[in-house]
Amino acid sequence: MAESQKDTAIKQWLSGEISLDQLKQQIPEEEALKYAQIIEEVDQWTPEIEALSPPDIQAKASKEAKVISIHRSTWLSVAASLLIISLATFWFLFSSSETTYYAENEVIAAQFPDQVSSVQLNACSSISWDEDDWESDFRYSRFSGTGFFEVEKGGEFKVTLNEGTVTVLGTSFEIDTYDDGFSVSCYTGEVSVAGNDGNVRRLKAGRRVSFHGNKLRELQNFKADDKPSWLSNGTSSFDDAPLAQVISRLEREFEVKFNTTAIHMDRRFTGSFKHDDLDKALKIVFTALNITYEKQDNLIVLKDS
Amino acid sequence: MITEEHDICNESVFQEVHATHGDALRNFLYYKFGDLDKAKDVAQDALIKLWNNCKSVPFDKAKSYLFTIANRLFLDNVAHQKVVLKFEKHTKSTNQNEGIQPDHVYREAEFKAQLEAAISALPEKQRVVFLMSRIDKQSNQQIAEVLDISIKTVEKHITSSLKSLRERLDELKDFKI
């Protein structure tokens, strides 16, 4: 009997798809009994009957505190000038060895611990990493929002998102996340993107992949200028993007919130809007889609027309 | 937005993560490196790191974060030593007092010790996958995710392990006079 047929039978028996008696029909009986004896024995084993005891941790400081602990002595003098100049634009948090950057309403640049890689964060986007864990072959961070990454060639560079992971080997690329999905556009070099659904795609320059609802949605070509348009000329552009992604960008760019309960979200938008005029942007996006919009208190209510 | 029950910075959520993954983590390190005390220490260190980084790690990535960090911590300061694994038994065999089991081909005496030795001698990847499957009862999908390999590879490792173990035990059996 072919080796792979035997392997398949063993696999099916292990997973419970076929019984031991059925296995005995496909491989020599004595061999089947040996496997059964081995499995019966190992299944009862454990390295240690005692469970692993909980580690000794320190209680977290209250969430309200902006600074949880002081990491370097230079923090105080840096903080003083930062407070005066930049409270309006970004805050910067040190907590034991964890570093977080969050852009409020302006683009800010953050440099990674390798001193050469960087990310530029669009409004309402954040990046964080652990200084102590960072190594030249283990560059690990967590990201949400819209950002343009420039990564120096080196060891592994991984960015974790809510809905997937981006693995990089020296390249520049844009990540755009929103509630239900994300897209990654490669500008130079090469990038590997893994969605939580298990799909993995390698992107070369000029290629973009999007995930929506935890599923791979599509691969596209796009014109890879030097940088994304939100970085080079204060414009957001979309090519056949899910409406949810466009709305998320509007929310972050203009700091508004939308009520979308009365519209079909299953639409796409192609076009662009500048960041300096909310009314123009609303007109561009929603008129084309036959959606009416109305400002009610702090909300913009959308309706299918 | 992170819901409260998925916020690792919430102490009770963190304890839940520890309770769910702590043993499997310790076991994984033991299967791979063969040093139980060190496995326990490193498992705890990895959990502490997770706590310190609770803001950076999404709840559903906690497990793979723990396994990745623990693996690195272990590798950071160990030279390759020969792996010798020993195990305790959860349940006493109900047939203990009935003498020889009719279905058993290998003799009871020394069977456990020989099987432990055979498992220790398996190639590392096969050994780790096999034990995570049978002892920690992880699904093929879960193992594939944690070790970052395909499900097909997981299946292959398990089947290869079983066949190697049988061959090894047969050798030992045949050498007995």
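1. Helices and strands here are DSSP runs, numbered from the N terminus (H or I, at least four residues; E, at least two). E4(A) pairs with strand E5 (residues 118-121) of chain A, antiparallel, over four bridges; pairing requires that DSSP finds at least two bridges between the strands. Opposite Ala109(A) you'll find Gln120(A) in E5(A). The two strands form a hairpin with six residues between them, and Gln115(A) in the turn has a positive phi of about 70°.

2. Some housekeeping before the rest. This is a predicted model, with local features needing pLDDT of at least 70 and side-chain atom pairs counting only at pLDDT 80 or more, while totals for chains, interfaces and linings use all residues. Residues are numbered from 1 along each chain as its sequence is written, chains are lettered from A and ligands numbered from 1 in the order in which they are written, and side-chain values use heavy atoms, with hydrogens and water left out.

3. Now the interface. 54 residues of chain A are in contact (heavy atoms within 4.5 Å) with 67 residues of chain B. The two chains bury about 5700 Å² between them, 56% of it on carbon and sulfur atoms; buried area is the accessible area, with a 1.4 Å probe, that two parts lose on being put together, summed over both. Trp45(A), Pro47(A) and Leu52(A) supply 15% of what chain A buries against chain B, more than any other three residues.

4. On polar terms, there are 20 residue pairs in polar contact between chain A and chain B, both residues at pLDDT 80 or more. A polar contact is a pair of N or O atoms within 3.5 Å; within protein, one must be able to donate a hydrogen and the other to accept it, and residues adjacent in sequence count only if both atoms are side-chain atoms. Elements giving two or more residues to the side of chain A that touches chain B include helix H1 (3-14), helix H3 (29-42) and strand E1 (45-46) of chain A. H3(A) gives the most, with 11 residues. That side of chain A divides into 22 nonpolar, 11 polar and 21 charged residues, where Ala, Val, Leu, Ile, Met, Phe, Trp, Tyr, Cys and Pro count as nonpolar, Asp, Glu, Lys and Arg as charged, and the others, Gly among them, as polar.

5. The chains also share strand pairing. E1(A) and strand E1 (residues 88-89) of chain B run antiparallel over two bridges, with Trp45(A) opposite Lys89(B). Lys89(B) also has a salt bridge to Glu41(A) (2.9 Å, N to O).

6. How many salt bridges cross the interface of chain A and chain B? The rule finds eight, and a search over all chains gives 28; the rule asks for a side-chain nitrogen of Lys or Arg within 4 Å of a carboxyl oxygen of Asp or Glu. One pair is Lys163(B) and Asp7(A), at 2.6 Å, N to O, which links helix H7 (residues 151-175) of chain B to helix H1 of chain A. Lys163(B) is buried at 15% relative accessible area, whereas Asp7(A) is partly exposed at 24%. The cut-offs are under 20% for buried, over 50% for exposed and partly exposed in between (1.4 Å probe, protein chains only).

7. Check the Arg166(B) to Glu31(A) bridge by eye: its closest N and O atoms are 4.0 Å apart. Both residues are buried. They also belong to a salt-bridge network with Lys6(A), Glu30(A), Lys34(A) and Asp170(B).

8. Last, two backbone points. Glu110(B), in the loop between E1 and H4 of chain B, has a positive phi near 70° and is partly exposed at 43%. Lys137(B) has a positive phi near 55° and is exposed, at 52% relative accessibility.
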